[in-house]
Amino acid sequence: MTVLRQAQQPGAAKQPGAAQQPGAAQQPGAAPQAASSAAAATAAAASSVTTMPLSRAINAGLRASLAGSDRVLLMGEDIGRLGGVFRITEGLQAEFGEQRVIDSPLAESGLVGTAIGLALAGFRPVVEIQFDGFVFPAFDQITSQLAKITNRLEGAVQMPVVIRIPYGGHIGAIEHHQESPEAYFTHTPGLRVVSPSTPNDGYWMIQDAIASADPVIFLEPKSKYWQKGEVDTSARALPLHASRIVRRGTDVTLVGHGAMVTTMLQAAVLAEAEGTSIEVVDLRSLSPVDYGPILESVRRTGRMVYAQEAPGFTSLGSEVAATVMERAFYALEAPVLRVSGFDAPFPPAKLEGVFLPDADRILEAVDRSLAY
């Protein structure tokens, strides 16, 4: 079984800097042809970067994985002809057929159980859970079977199953449609858990998740499905389980994942106008956690705030905060603070703005940290 505490290095990943440089093969005396080749290479490189929303980026990543292997299958409720509630799989059934992109019954437990059987038969199934709150009927299959089979059989089989879950708030939905269940899965040994915050990460991380030998819970921040960003389809920037500093700063480190990354960046801009320099770290991988960039940042700033949509009690933020205080205690000028949703069921849509952390709540925690 793959050891979860080691960062996965996708075998097919193209390493940063490994791309051929335009004109690198140019020979003396061949200037016209070399110039033409360099121009073509530059144009090709430029065409590999495009702007698209997160939803389209994940769609493109799924298409690349389907095209790359006929063992990849997509399964879910209304993902075929409809293209899913959020249209993430739009057009894929028409392109790859009903045997590769499968409309399933409304039965999450049956979906995951079928995916386990397909993985045992050598396939790489990708299951879409329509909404975050709908994953719980499949919880037993995920935590009791999917997460444990490789260990139970002493590594004799692999479980390359991806469970895609749109999660989080900010869409004004009803009960069971705006949950943040990440802690349930990060608490379960045998599962990898990741969450992209940008279209570029969505494009590459879904492909790396499908290529993984272990089961992956792929949490998609649904409120960011329509947020656009650049996607470089020529080379991935980071391995699947790497965290990343997305904004440099000197006074306080903000750490979070998924949709909260955008909110943290908003808070950093507001703080800058008041003379406070905030560094922002995108966790990306929730299990295993890549602590390197986090600890490096905290040792420079001396302060850290973790922000998340999920309730705070026994949460992912609790674990990260405890680990940072254990491993960077003497660098800290203040205790690690947490900003989270409240320890209550997700409220009706009219109250979600009160429940979910915003930039002001994050900045209030920053002020408390700086006051020590």
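In which sense do β13 and β14 pair, and over how many bridges? They pair in the parallel sense, over four bridges; two strands count as paired once DSSP finds at least two bridges between them. This is a predicted model, where local features need pLDDT of at least 70, side-chain atom pairs count only at pLDDT 80 or more, and totals for chains, interfaces and linings use all residues. Residues are numbered from 1 along each chain as its sequence is written, and side-chain values use heavy atoms, leaving out hydrogens and water.

**View 1. The open sheet holds five strands.** Read across, the order is β9-β11-β10-β13-β14, with mixed pairing. β9 and β14 (337–341) sit at the edges with a single partner strand each, so one side of each has no neighbour in the sheet. Strands here are DSSP runs of E, at least two residues long, and helices are runs of H or I, at least four, numbered from the N terminus.

View 2. Look opposite Y306 and you'll find R338 in β14.

**View 3. α13 packs on the sheet.** This helix touches β10, β11, β13 and β14, contact being heavy atoms within 4.5 Å. Its direction makes about 165° with that of β14; axes are lines fitted to C-alpha atoms, for helices over the stretch in contact, and angles run from 0 to 180 degrees between N-to-C directions.

**View 4. Helix α9 covers residues 260–273.** Its buried residues (under 20% relative accessible area, 1.4 Å probe, protein chains only) include M260, V261 and A271. Among the elements covering them are β9 (244–247) and α13 (359–370). After α9 comes G275, with a positive phi near 90°.

Methods: Expected span 1.5 Å × (residues − 1). Buried < 20%, exposed > 50% of the residue type's maximum accessible area, 1.4 Å probe, protein only.
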